Amino acid sequence: MKKLSGNEIRELFLAFFERQDHLRLPGASLIPKNDPTLLLTGAGMVPFKPYFLGQAKPPHPRITTCQPCIRTPDIERVGYTDRHGTFFEMLGNFSFGDYFKKEAIQWAWEFVTTVFELPPDRLWVSVYEHDDEAAQLWHEVVGIPKERIVKLGKSDNFWEIGVGPCGPCSEIYLDRGLAHGCGRPDCAPGCDCERFLEIWNLVFIQYNKDEEGNYHELASKNIDTGMGLERAAVLLQGVKNLFETDLVRPILDKVASLAGVAYGTDQDKDVSMRVITDHVRGVTFMVKDGIVPSNEGRGYVLRRLLRRALRHGRLLQIELPFITEVVEEVIAVMSPAYPDLRERQDYILKVIAQEEERFRQTLDQGVEHLERTLEELKAQGRTMLPGEYAFKLYDTYGFPFELTKEIAAEDGFTVDEEGFRVAMEAQRERARQAREETGYVGLEEAFFTELATKKGLSTQFIGYEQSSTNTRISAIVKDGRLADALAAGEEGQIVLEVTPFYAESGGQVADSGEIIGPEGTFAVTDVKNVAGKIISHGGKVTAGVIRTGDEIRATIAEEVRLDTARNHTATHLLHKALRAVVGEHATQAGSLVSPEYLRFDFRHFAPLSPEELARVEAMVNAAILADYEVQTRITDYDTAVKDGAIALFGEKYDDQVRVVQIGDYSAELCGGTHVARTGQIGLFKIISESGIAAGIRRIEAVSGRYAWDWFARRSRILEEVSRELKVNPEQVAEKVGRLLQQVKEGEKEIAALKQKLAQSQLADPTAAAVEVNGLQLVVQRMDDLDAAGMRNLVDQLKAKLDAGVVVLGGVSEGKVTLIAGATPAAVQQGAHAGKLVGALAKIVGGGGGGRPEMAQAGGKEPAKLDEALRGAEQALRDLLA
């Protein structure tokens, strides 16, 4: 068995298949391109789905890659087993209608026995129980004894995800020996123990599964194989698990160093260190590919991984923040194979540092929420925290279950662990069902794929050159099935042989318009690219009948198209201006181009100043006034990038790309519709700039007639205000400034009068005081004072007391303010303003605290303020006791 580094394994694999006439391609982004059915790239075949489905032609019938992947179904097993990880590199070789089982099996065997030099007598294979062809090839062509060929059922050795292409698979295992096994005499591949380690899965895609669950033999069969690089490294480097391989161990050692713990000395701590190591590898690559933390979609997966790592850091008592130090180690280890990690290092570190700080704040909120709930349960005489509540803390706040148990135990509570597990399992089941319902390609895409492959349907797009055309209806779809016709009022989808309608793509919304036939009219409201070759026109028949086979006139709404084109060209101008004003890092992270407005998301870490926004806006309008010619050309990707065209980060482009060139101002790869000259945009106005996620800013803007409307509306408002103020529009700002100053002075005068009134009410605090264990306690409601006024009054009252405590509370704008103070003598006797006000704040649905002599808290339930103030006396007694 040859000892190889992880980098050597990767290169040997790719080079081997290059020698077998495979095209080597770089790994794709973790964000699947144009695939709403998948959150993340979880397998090497994901970037090639259009080729497997026959929707697009591959650049070569044989391809090999090393694909970074993220999978989370087994997230709870990470750290506990030798082989599970959420992040891994998948080595693969693929055939699109070229070679099939025999070649795939022969090459796999040749590679593992001659390149890896694995001992043939320790290699086992599994096959699908009904795949006699594969079993025969392994035995008769390769020579594996029948006793080392294991037939397994559909759940183990048949690959499918919902509808679409699927097929049996065959896996290669290495027998690691009895020491790694369960000891059962029938132990073999398929056993859950660690003895037989799967190193390579060969998938034979020979069927297409339809919506009814039927399997149809594919005319063009495909191969999809996957070998986990980390698992191969475990075997070839002679280590116990993936965390001890050369591409992972340095990261693990960094975590151990931060924790001040030696790896291998404490099983629980080893698990936590493994979890951190795995998850940080994943989040580093996810952020590198443009994913940012959020509460939905792939951003939520990123946030969950990062917060799990932070929770395990807390278990190891690593002081926050620490994740960025681990990220730097990941980049150091992985950047030789993935140089873009080093190129985007600053961005990656900033995004993760911001999320780490957010989680620290979230933990504080979780503790506050938990402590308030424990107080409520204690008042009810209960001693067990419900499991569903513990899960809510975990799911909503990312609050560690172990920490929930720890805090609950300190307050004399146990936690319903079974209820927590039930709630967790229910969530997993919901997620599993959602994955199954989504399927491999989705029902709609599968239906249109069948139309494209079996009926040969396709649509030619001519919308760059023409706004209307005569053509023929090749298919009508209603309720997911082919239909002969649609009558007035009925909705459906129409497939045309030729269309001028632009389908929603690249952030640009679809065209709208009409399809007019000999007997009826169809209003088009939704246009999509489906199955790679077909453009679907969704909408409703507004008059008469539309039939399959009709010769029709298809016409887009030209004015709406022009509005959209203005905004799309303006988006390119904005992108260029942002990079010039803010910096080259301000690259596109998302966009929406509609007729009414444009939305542009870009990478940056702080709000743009008014001066920066003004410079960006001025630069865009200067480009509009320059009336640059907008030209498009088709060229190959490498030439376009070499000539200076901007390619959006994380996008996967075809060999031939469309370049939109705006004079000598900008050039981008883009498939959208644009104006012929920038002067047609007319006018550009930024209407908002905001943050939408860590490291992502958003600009919304209008152009053309919508920009004119924006200025016209504001001009009318300014004229109305100037009339009310009886000044010229140019003097409005000055007049408003003077009025605001008068209001401010009036508010100061009112506050001073309220302060004097409050002081007169408590001129002699001892008269209003009650005695609590030898201390004077003054409690008063002061709704007319703000927080600053209450603090001043507390200081004045304390000065009139020898050994006393003051508690003031008030409501302003629906929020409760509580302030407590204690004299030095009272503090010496055990009084503590911070603890006292914290206890009262829980009653009004809030929290807070502070120093023994002065503290402030807030709350969200004004109706309970009197109850809280009445409870001050008992709270002080409890504190002194």
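1. R303, R307, E355 and R358 are joined in a network of salt bridges, a salt bridge being a side-chain nitrogen of Lys or Arg within 4 Å of a carboxyl oxygen of Asp or Glu. The structure holds 45 salt bridges.

2. The model is predicted: local features need pLDDT of at least 70 and side-chain atom pairs count only at pLDDT 80 or more, while totals for chains, interfaces and linings use all residues. Residues are numbered from 1 along each chain as its sequence is written, and side-chain values use heavy atoms, with hydrogens and water left out.

3. E230 forms a salt bridge with R281, with the closest N and O atoms 2.8 Å apart. E230 belongs to helix α6 (residues 229-237) and R281 to helix α8 (residues 267-288), so the pair ties together parts that are 51 residues apart in sequence. Helices (H or I, at least four residues) and strands (E, at least two) are DSSP runs, numbered from the N terminus. Both E230 and R281 are buried; buried means under 20% relative accessible area, exposed over 50%, and partly exposed in between (1.4 Å probe, protein chains only).

4. K151 forms a salt bridge with D132, the closest N and O atoms being 3.0 Å apart. Because K151 lies in strand β5 (residues 149-152) and D132 in helix α4 (residues 132-142), this pair ties together parts that are 19 residues apart in sequence. K151 is partly exposed at 44% relative accessibility, and D132 is partly exposed at 49%.

5. Within helix α12 (residues 345-379), E368 and R372 lie four residues apart, about one turn of the helix. Their side chains meet in a salt bridge (3.7 Å, N to O). E368 is partly exposed, with a relative accessible area of 37%, whereas R372 counts as buried at 18%.

6. An open sheet of six strands has the order β29-β30-β31-β32-β34-β33, with mixed pairing; two strands pair if DSSP finds at least two bridges between them. Its edge strands, β29 (770-772) and β33 (847-850), each pair on one side only. β32 (residues 815-822) and β34 (residues 854-859) pair in the antiparallel sense over six bridges, and I819 has Q856 in β34 as its bridge partner. β33 and β34 also run antiparallel, joined by four bridges, and a hairpin of three residues connects them.

7. V779 lies in strand β30 and is partly exposed at 27% relative accessibility. Leaving aside neighbours within four places in sequence, V779 is in contact (heavy atoms within 4.5 Å) with V807, L869 and A872. The C-alpha atoms of V779 and A872, 93 residues apart along the chain, are separated by 7.5 Å.
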